[in-house]
Amino acid sequence: MRRLAARGAAGDAREVAAPAADGWDSAQARSPSPWRLIGLCAIWDTGVFLPSAAWNGVSSGVERRRLNEAKKLSSVQEVQLKRFEVTRPQGLGNKERGRVPRMARQPAPPWVHAAFLFCLLSLGGAIEIPMDLTQPPTITKQSVKDHIVDPRDNILIECEAKGNPAPSFHWTRNSRFFNIAKDPRVSMRRRSGTLVIDFRSGGRPEEYEGEYQCFARNKFGTALSNRIRLQVSKSPLWPKENLDPVVVQEGAPLTLQCNPPPGLPSPVIFWMSSSMEPIAQDKRVSQGHNGDLYFSNVMLQDMQTDYSCNARFHFTHTIQQKNPFTLKVLTNHPYNDSSLRNHPDMYSARGVAERTPSFMYPQGTASSQMVLRGMDLLLECIASGVPTPDIAWYKKGGDLPSDKAKFENFNKALRITNVSEEDSGEYFCLASNKMGSIRHTISVRVKAAPYWLDEPKNLILAPGEDGRLVCRANGNPKPTVQWMVNGEPLQSAPPNPNREVAGDTIIFRDTQISSRAVYQCNTSNEHGYLLANAFVSVLDVPPRMLSPRNQLIRVILYNRTRLDCPFFGSPIPTLRWFKNGQGSNLDGGNYHVYENGSLEIKMIRKEDQGIYTCVATNILGKAENQVRLEVKDPTRIYRMPEDQVAKRGTTVQLECRVKHDPSLKLTVSWLKDDEPLYIGNRMKKEDDSLTIFGVAERDQGSYTCVASTELDQDLAKAYLTVLGRPDRPRDLELTDLAERSVRLTWIPGDDNNSPITDYVVQFEEDQFQPGVWHDHSKYPGSVNSAVLRLSPYVNYQFRVIAINEVGSSHPSLPSERYRTSGAPPESNPGDVKGEGTRKNNMEITWTPMNATSAFGPNLRYIVKWRRRETREAWNNVTVWGSRYVVGQTPVYVPYEIRVQAENDFGKGPEPESVIGYSGEDLPSAPRRFRVRQPNLETINLEWDHPEHPNGIMLGYTLKYVAFNGTKVGKQIVENFSPNQTKFTVQRTDPVSRYRFTLSARTQVGSGEAVTEESPAPPNEAYTNNQADIATQGWFIGLMCAIALLVLILLIVCFIKRSRGGKYPVREKKDVPLGPEDPKEEDGSFDYSDEDNKPLQGSQTSLDGTIKQQESDDSLVDYGEGGEGQFNEDGSFIGQYTVKKDKDETEGNESSEATSPVNAIYSLA
């Protein structure tokens, strides 16, 4: 599907191009002459033509000028035009979207169609006289036949004409000469016949109303305008009136008459309240075509507002308001209960008698209506009845014209546009409700004001030639034809032997110069008239070319085009075409020459490039012109944008890659929904693509890539579908109202291209939680009506949320409220608990019942309790809240609890008993806490549960710390479950002991603690005393004294040895030292083999005795009463005597050393 743009004449040695989108030059801005428009014509290979440049920017003013200059077509030409027209591709909505073609033709603007009209006319041989030649006047512009003016402005009555010499103008008013010079307010524009009536200095516009006609005259004839009926717009004031309240019985029909003041033109009628709120209309209440407001049946709710008729006048832009009507509705049911408004049997529920339909407008069973051809036919039927009747339309003996018929005003009106004779016949409307039906027959007669079958056209003849003017029109009734010449009846004109009148045709034979004149054909009937001017011009002119010479025409390969050679001559010249100076005439095969001389090339090829010469010849001479034709490659989009479906917020890229002739300038632009696309900050346009970031719902639509050059353009279209959240459902309606159910119906909103999967129905009640919406139920996306189960005594209001893959819609507007009747509760509150907040109370709590389970007013709770397994009487109290505290209870005692719901309609079912407990207290200490140490690496702990837990045991807390004498380690805390009664500690220090503190926990806290220590190791007393003594001052002094004595003994020994003295050695009996085994109450450390081991720091002699090593540690154990001697070699023999202090629990020991004094005495 490729396209070729049009080319046309633009100037000498220049390419031919239509106006660019950004503006027009001065020559192009003028209304082009017909031959110039012919030069703009070009034909597609598909039968569609476009201008050679972008026409998006052509102003509406230019469009109007070109349309006004376009001539009317004959019926044959209209058929030809329809064959060439292109319909704009219509975008499909998400409800019904078919495949959108990626490539589509862009419709041409109106001025192109106007130019095409001239092209078709030119092919038929219509020729205009150049303005430099003498010619009779031709009316070019005039006001409409029914000319209504604003009284606040000056009056302007247009009349313009052309001719050579320039015509003069005069006017008639009401068929009498209108002397402009005598009225100072009236003037005529220079070089124009347009009348200007100025009221700045005063005057009443109504004085100038009447029928005006313009006459344009030169020496060759007189042309006439239409008879212009001048009327001044009127907007009279509404008459003041006091309206009494309208009293009407509920269910009766009612008509409120508007009767607006007669305006010119007729005002637009609409109804509002006195507070300027529009009156809601539906099939029960609606406005008729005559402006009256019709009530098919009156309901009590109609009293809630008043009703005022308003008239808007076009020219004055004013709105006049009639005094409002007020209604007083008499009813058997004085309360406007909203729950009855949509009741399936609403009328009987309100005591309104049901009635069969009857017609309020038109009255009776039959009527007739006349309509003019080409106008709109409006048929209306408004019926009363209870329930409100439905209206259906039919045509007797056939179907309604589906292409022209549409229903309005809730099916009460049938409109048929552009009526033709085949639309006449009998139509009937059928009004029906469940009580019966009636029908009204409307007989439609189609009349017609005159319309052209063959409008007379200007006749250009050479002296001696023959010709004819044809004026053929049709209408109903058949119009009469009247011929005039130069504004006078043909019968009163001077006789012309060369002229013959045959009904609707004037025949000219052997015309002469004296036959020049302007003829008028006036065809009329009772419904209107047509007036046409056609001149007869007798000229003797040699051929002349009307277009610039040596034009350059650039065309696109493989397309069809036409080379025009505008010319004039009288007699009409013949035209022949030659290429590159060849002698043969171009006609036939790929070439075709039209009657007006235009050369059509059916399919342009490269070899068609060259110079073409057109030669016009008549008996008076010849004229020629040349056109140079260049063939260019077409512009083609070879990679087109594809249809895409995108979720909101994503990024989309549309490709558009183009191939074009390199000698032409390429422009790529984008359209959205056939309008120029604004490239905002969310879009990025590149040479070959368009990127949209963060796609939104407003981005959905058709995107057209337009690749254009000066000569042609190519378009490719793709549709972007944006998946969005659905629109909110609307028009919620409650029907089938029952005690415990209601039917909710809604109209789905637009799914925004993603099918609706679910509907969530929510409700709100105004008693317990007003303004809070709760989910009621969920339904598939395929339904739009559901029966909702309701609870007693709830004032319901519903709304609906639609859900699709993208998300949830906004909630619908809420429905009307519906209240159900009350009943005793059918359930009791849940989650009943009894827990103490203090050690001497119990708090009973429960989850309060919501609005849908209360079932009645004054919801309250009966709370009962008693101690478990005591069979004592139940205590009870009535509570309005959701908690109750029982005081003065024993610590942590089980209770039976019951909570029963009650409202004004009665009590709920008997509740189940729930076990609760009174408050807790601190637990007693764990029993029989035991610490055992099986080896140096581990300590085992065991205990029993407290005797009095005083609540729910949460666990145990153990705190322990290592200590060694005065040194204490970091405290460690362990928490145990309530079932754990054992724990093992891994020792990190084999010397230190551990102190353990154990307590039990409830939710109140930790109770009384019990403390134990781990057993001491066997050598712990020794090492501890050693460490303690070593830090004492007296011990340090003693050690120093002993060291001094030892030094003295060593000196004495040295002296004795040097003398060779010998000393006897006294043998002492060894006294082995053994620590006493420490005992613990709950356990012992078994050292059974230690009694036979030597003391640490001692060594065994050869005879089995223990000898203390010489070290600082051995001196600690020195005690009194010990003796020491030196061996014969001078060594000192010390004997240790270990005494056990039976009064000390830690087993401290002492030793006895040899007295140094005795040694000294022995030396002496």
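Helices (H or I, at least four residues) and strands (E, at least two) are DSSP runs, numbered from the N terminus. What you have here is a predicted model, where local features need pLDDT of at least 70, side-chain atom pairs count only at pLDDT 80 or more, and totals for chains, interfaces and linings use all residues. Residues are numbered from 1 along each chain as its sequence is written, and side-chain values use heavy atoms, with hydrogens and water left out.

**Exercise 1.** Find the loop that holds Asn409 and check its phi.

*Solution.* Start with the place: Asn409 sits in the loop between strand S25 (405-408) and strand S26 (413-416). Next, look at the backbone: phi of Asn409 is near 50 degrees, a positive value in a residue other than glycine. Now try Arg191, which has a positive phi of about 55 degrees and is not a glycine either. You'll find Arg191 in the loop between strand S7 (186-188) and S8. Finally, Arg191 counts as exposed because its relative accessibility is 78%; the cut-offs are under 20% relative accessible area for buried, over 50% for exposed, and partly exposed in between (1.4 Å probe, protein chains only).

**Exercise 2.** Describe the disulfides of Cys381, Cys565 and Cys656.

*Solution.* A disulfide here is a pair of cysteine sulfur atoms within 2.5 Å, and the structure holds six of them.

- Cys381 pairs with Cys429, S to S 1.9 Å. This pair links distant parts of the chain, 48 residues apart: Cys381 is in the loop between strand S22 (377-380) and strand S23 (382-386), and Cys429 is in strand S27 (residues 425-433). The link is left-handed, with -75 degrees about the S-S bond.
- Cys565 pairs with Cys614, their sulfur atoms 2.0 Å apart. With 60 degrees about the S-S bond, this link is right-handed. Both Cys565 and Cys614 are buried.
- Cys656 pairs with Cys705, S to S 1.8 Å. The S-S torsion is about -75 degrees, so this disulfide is left-handed. Cys656 is in the loop between strand S49 (652-655) and strand S50 (657-659) and Cys705 is in strand S55 (residues 701-708), so parts 49 residues apart in sequence get tied together.

**Exercise 3.** Which residues touch the most other members of the largest nonpolar core?

*Solution.* A nonpolar core is a set of buried Ala, Val, Leu, Ile, Met, Phe, Trp, Tyr and Cys residues joined through side-chain atoms within 4.5 Å. Of the 31 residues in the largest one, the top set is Ile155, Ile157, Trp171, Leu195, Tyr208, Tyr212 and Phe568. Strands that each supply at least two residues of this core include strand S3 (155-157) and strand S9 (210-218). Zoom in on Tyr212: leaving out residues up to four places away in sequence, its contacts (heavy atoms within 4.5 Å) include Ile157, Trp171, Phe178 and Leu230.

**Exercise 4.** Is Phe1054 buried or exposed?

*Solution.* First, locate Phe1054 in helix H9 (residues 1033-1059). Then use its relative accessibility: at 62%, Phe1054 counts as exposed. By contrast, Cys1053 counts as buried, at 14%.
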